[in-house]
Amino acid sequence: MFNKLKQKLQNFVEEEKKVEIKPKASLETKIKKKVKRKAQIKEKDITELLENLELSLLSVDVSLELTEKLKENIKQELVGKEVKAAEDLAEITLKTIKETLTQELIQPKNYLVEEVKEKNEETEEPYVILFVGPNGHGKTTTIAKVSHMLQKEGTGTVLAAADTFRAASIEQLEKWAQKLDTKLIKQGYGADPAAVCYDAKKHAQSSNKGAVLIDTAGRSELDKNLMNQLEKIKKVVQPDKTIYITEAVAGNAAVHQANEFNKKIGLDGFIMTKVDTDAKGGCILSISSKVKKPIYYIGTGQNPEDLKKFEKQWFIEKILPRN
Ligand SMILES: Nc1nc2c(ncn2[C@@H]2O[C@H](COP(=O)(O)OP(=O)(O)O)[C@@H](O)[C@H]2O)c(=O)[nH]1
Ligand SMILES: [Mg+2]
């Protein structure tokens with residue numbers, strides 16, 4: 001896209017130059033004019049660019065609402081700006097696009113591992129993280145990854161099997177606990193998830209473990225009972241962080257869903273899973289812009305080590321159109 005843009009801008013600046021060197025002017029005037037004359041970006045010069053950008057953003061699943069907003073911001077930044085050459089204009093344009101995207105994405109000041117460490121240094125209390133989100137987006141797997149990350153840093157973990165709803169969910173977390181050699185707290189299916197969380201926190205306190213990671217049943221924001229259950233868990237264990245797990249393949253439906261979760265129970269941030277698949281990932285930009293909470297990590301596979309810090313610049317490079 002940018003090569004095309006550069007070409008277009010080259011023509012634009014050349015046209016300006018043609019105007020400058022009209023035969024009547026003396027050589028001296030010509031040179032002066034050439035040096036002094038700057039091209040000012042007009043709306044029509046960037047129309048095609050904005051259209052290309054719009055298509056590119058939509059094609060990676062950025063929402064229409066956000067795409068419009070980004071286009072407007074970029075237009076306001078660029079129209080009227082003075083540039084000396086096509087190269088400059090292409091550079092300024094790209095810089096503006098990147099800056100605009102950067103503003104919409106929130107990266108945490110401290111990632112979870114650092115936050116846990118900080119709290120553990122200050123108090124005797126374990127750091128409690130509640131993982132929520134729709135079914136199948138990767139909550140249980142992400143808990144294994146976060147536990148692995150913490151354990152590698154020397155922090156003991158307790159996993160709470162508070163998905164007492166879906167068949168095999170307790171066994172799934174139990175397998176991870178065995179594999180990672182960490183503690184699992186569970187009750188039977190149908191048990192009150194808040195009670196499981198309470199036990200897990202108590203266990204962490206008495207055994208001096210630094211973090212409690214709570215697995216919950218996947219749910220829709222429309223299910224009142226299940227949403228109330230999350231509120232109850234929050235009251236009982238008062239998590240330090242409530243993290244929403246969303247898969248990068250989720251597309252635009254995820255934006256509304258995450259926003260509703262935030263309105264109903266309050267979220268502190270996100271982890272985006274399945275970035276290793278052919279996910280387009282644009283939904284995370286829309287979610288971040290809408291809910292205004294940081295994205296902590298990205299999931300890049302099905303193994304415990306497949307969790308990376310979310311970094312804005314990496315993400316922007318990933319979704320920006322090329323050529
Ligand atoms: N490729 C890939 N698969 C993942 C990732 N995270 C989770 N999964 C898979 O997605 C499926 C659902 O994950 P699970 O943790 O059970 O989701 P939950 O229902 O939210 O607890 C499982 O097959 C996981 O292995 C990821 O980052 N990349
Ligand atoms: Mg699960």
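Tutor: Begin at the S63 side chain. One of its polar atoms lies 3.2 Å from the backbone nitrogen of L66. S63 sits in the loop between α3 (43–59) and α4 (64–78). Helices (H or I, at least four residues) and strands (E, at least two) are DSSP runs, numbered from the N terminus. S63 counts as buried because its relative accessibility is 12%. Buried means under 20% relative accessible area, exposed means over 50%, and partly exposed lies in between (1.4 Å probe, protein chains only).

Some ground rules apply. This is a predicted model: local features need pLDDT of at least 70, side-chain atom pairs count only at pLDDT 80 or more, and totals for chains, interfaces and linings use all residues. Residues are numbered from 1 along each chain as its sequence is written, chains are lettered from A and ligands numbered from 1 in the order in which they are written, and side-chain values use heavy atoms, with hydrogens and water left out.

T242 and K234 are joined by one of 3.2 Å. T242 belongs to strand β7 (residues 241–247). T242 counts as buried because its relative accessibility is 0%.

Next, L267. This residue lies in the loop between α11 (253–265) and β8 (269–273). L267 counts as buried because its relative accessibility is 2%.

I143 is in helix α7. I143 counts as buried because its relative accessibility is 0%. Along the chain, I143 and L130 are 13 residues apart, and their C-alpha atoms are separated by 9.6 Å.

In all, 18 residues surround the ligand, and the closest are G136, K139, T141, D276 and Q302. A residue is near a molecule if one of its heavy atoms lies within 4 Å of it. By class, the shell splits into one nonpolar, 13 polar and four charged residues. Ala, Val, Leu, Ile, Met, Phe, Trp, Tyr, Cys and Pro count as nonpolar, Asp, Glu, Lys and Arg as charged, and the others, Gly among them, as polar.

Which atoms approach the ligand's oxygen atoms? T140 uses its side chain: a polar atom there lies 2.8 Å from an oxygen of ligand 1. G138 uses its backbone, with a polar atom 2.9 Å from a ligand oxygen.

Move on to other loops. E124 is in the loop between α6 (112–122) and β3 (127–132). E124 counts as exposed because its relative accessibility is 70%. E124 and S206 are 82 residues apart in sequence, yet their C-alpha atoms are 10.0 Å apart in space. N110 lies in the loop between α5 (86–104) and α6. N110 is partly exposed, because its relative accessible area is 24%. N110 and P294 span 184 residues in sequence, with 10.0 Å from C-alpha to C-alpha.

Two backbone angles are left. A168 has a phi near 75°, a positive value in a residue other than glycine. A168 belongs to the loop between β4 (157–162) and α8 (169–180). A168 is partly exposed, because its relative accessible area is 48%. N208, again not a glycine, has a positive phi near 60°. N208 is in the loop between α9 (193–207) and β6 (211–216). N208 counts as exposed because its relative accessibility is 60%.

Definitions and conventions. A polar contact is a pair of N or O atoms within 3.5 Å; within protein, one must be able to donate a hydrogen and the other to accept it, and residues adjacent in sequence count only if both atoms are side-chain atoms.
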